[in-house]
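This report is written for a reader who meets the structure for the first time. Please keep the sequence and the model in view while reading.

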Amino acid sequence: MLLEAKGLGKRYGTRWVLKDLDLQVAAGDRVALLGPSGCGKSTLLNLMGGLDRGDEGSLTLDGEDLGAVSAKRLARIRRERLGTIFQFFHLLPALTVRENVELPLRMAGRPAREARARAAELLEAVGLIPRAEAWTPELSGGEMQRVAVARALAPRPALLLADEPTGNLDRENGESVLALLARLTELEGAALVLVTHSEAAASICPRRLHLLDGRIQEGARP
Ligand SMILES: Nc1ncnc2c1ncn2[C@@H]1O[C@H](COP(=O)(O)OP(=O)(O)O)[C@@H](O)[C@H]1O
Ligand SMILES: [Mg+2]
């Protein structure tokens with residue numbers, strides 16, 4: 001199993017936000033994670049992304065417990081196996097579009113020529129070759145999120161995590177980003193966990209999970 005949670009729990013202070021949570025995501029799965037604001041979606045995604053650790057149970061990626069590995073190992077897993085996209089893009093404003101996409105590869109020690117070729121391939125896939133040398137603050141929101149998609153996929157992650165990736169986009173740009181996410185994760189063979197509170201956004205995913213009282217319910221809205 002690519003990603004597996006068993007009895008996963010996470011608390012802030014004395015309040016448990018996730019409790020006894022079980023979940024499996026197989027390689028290449030596309031899964032929507034739905035639930036009302038404040039139910040713990042971002043908390044769960046941050047655990048999956050290795051940005052935070054659980055307080056109970058286990059969460060494994062490729063069989064390795066993300067809550068138990070060393071910080072160094074976790075950083076490597078995040079670099080090589082995970083890609084993340086956020087609502088507010090988190091691009092680096094002092095770098096060009098192309099440099100933003102190359103960055104994760106350069107940080108992983110890949111040669112400049114390889115990083116450049118991979119960035120060109122992904123910028124082509126997201127329709128941004130004409131904007132490759134632009135500074136990211138000059139882009140529209142939709143363009144920024146397409147850069148973020150290309151950057152997240154650059155290292156060929158096994159799992160792409162997207163936290164409300166269309167939350168800051170108008171409907172048209174949102175739909176185009178969702179279509180890209182579906183098409184490119186399929187093409188690249190990456191699994192996708194898409195956090196959203198929009199049923200329309202969730203429709204790009206064959207699987208739906210609802211987060212309710214700190215646990216996962218699979219399938220239609222409970
Ligand atoms: N760092 C934190 N410290 C304390 N409480 C937090 C923290 N992050 C989130 N919470 C609380 O945990 C709950 C779940 O938050 P979150 O995972 O952001 O929900 P969602 O993404 O579903 O809107 C909320 O009640 C939120 O206020
Ligand atoms: Mg959230």
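## The shell around the ligand

Sorted by class, the shell around ligand 1 holds 3 nonpolar, 6 polar and 1 charged residues. In this scheme Ala, Val, Leu, Ile, Met, Phe, Trp, Tyr, Cys and Pro count as nonpolar, Asp, Glu, Lys and Arg as charged, and the others, Gly among them, as polar. The model is predicted: local features need pLDDT of at least 70 and side-chain atom pairs count only at pLDDT 80 or more, while totals for chains, interfaces and linings use all residues. Residues are numbered from 1 along each chain as its sequence is written, and chains are lettered from A and ligands numbered from 1 in the order in which they are written.

The residues around ligand 1 are Tyr12, Val17, Gly35, Ser37, Gly38, Cys39, Gly40, Lys41, Ser42 and Thr43; a residue is near a molecule if its C-beta atom, placed from the backbone, lies within 6 Å of it. Helix α1 (residues 41–48) supplies the largest share of this shell, 3 residues. Helices (H or I, at least four residues) and strands (E, at least two) are DSSP runs, numbered from the N terminus.

## Gly35 and helix α1

Gly35 sits in the loop between β3 (30–34) and α1. Gly35 counts as buried because it has 20 C-beta neighbours inside 10 Å. The terms are set as follows: a residue is buried if 20 or more other C-beta atoms lie within 10 Å of its own, exposed if 12 or fewer, and partly exposed in between, with C-beta atoms placed from the backbone. Apart from neighbours within four places in sequence, Gly35 is in contact with Lys41, His210, Leu211 and Leu212; contact requires the C-beta atoms of two residues, placed from the backbone, to lie within 7 Å.

Helix α1 is itself mostly covered, with 6 of its 8 residues buried. These are Lys41, Ser42, Leu44, Leu45, Leu47 and Met48. Just after α1, Gly50 has a positive phi of about 70°.

## The sheet

An open sheet of mixed pairing is formed by 6 strands in the order β6-β7-β8-β3-β9-β10. Its edge strands, each pairing on one side only, are β6 (82–85) and β10 (215–218). From one strand to the next, the twist averages 20°. Two strands pair if DSSP finds at least two bridges between them.

Strands β7 (residues 159–163) and β8 (residues 191–195) run parallel and are joined by 5 bridges. Within β8, Leu194 is the bridge partner of Ala162. Helix α5 (residues 141–153) lies across β6 and β7 and runs at about 170° to β6; axes are lines fitted to C-alpha atoms, for helices over the stretch in contact, and angles run from 0 to 180 degrees between N-to-C directions.

## Helix α3

Helix α3 (residues 97–107) is largely enclosed by the rest of the structure, because 8 of its 11 residues are buried. Among them are Val97, Val101 and Leu105. The cover over the buried residues of α3 includes α2 (71–81), α4 (112–125) and α5. Gly109, which follows α3, has a positive phi near 85°.

## The protein as a whole

The secondary structure comes to 7 helices and 10 strands. Of the 222 residues, 42% count as buried. Residues 24 or more positions apart account for 70% of the contacts with a separation of 6 or more.
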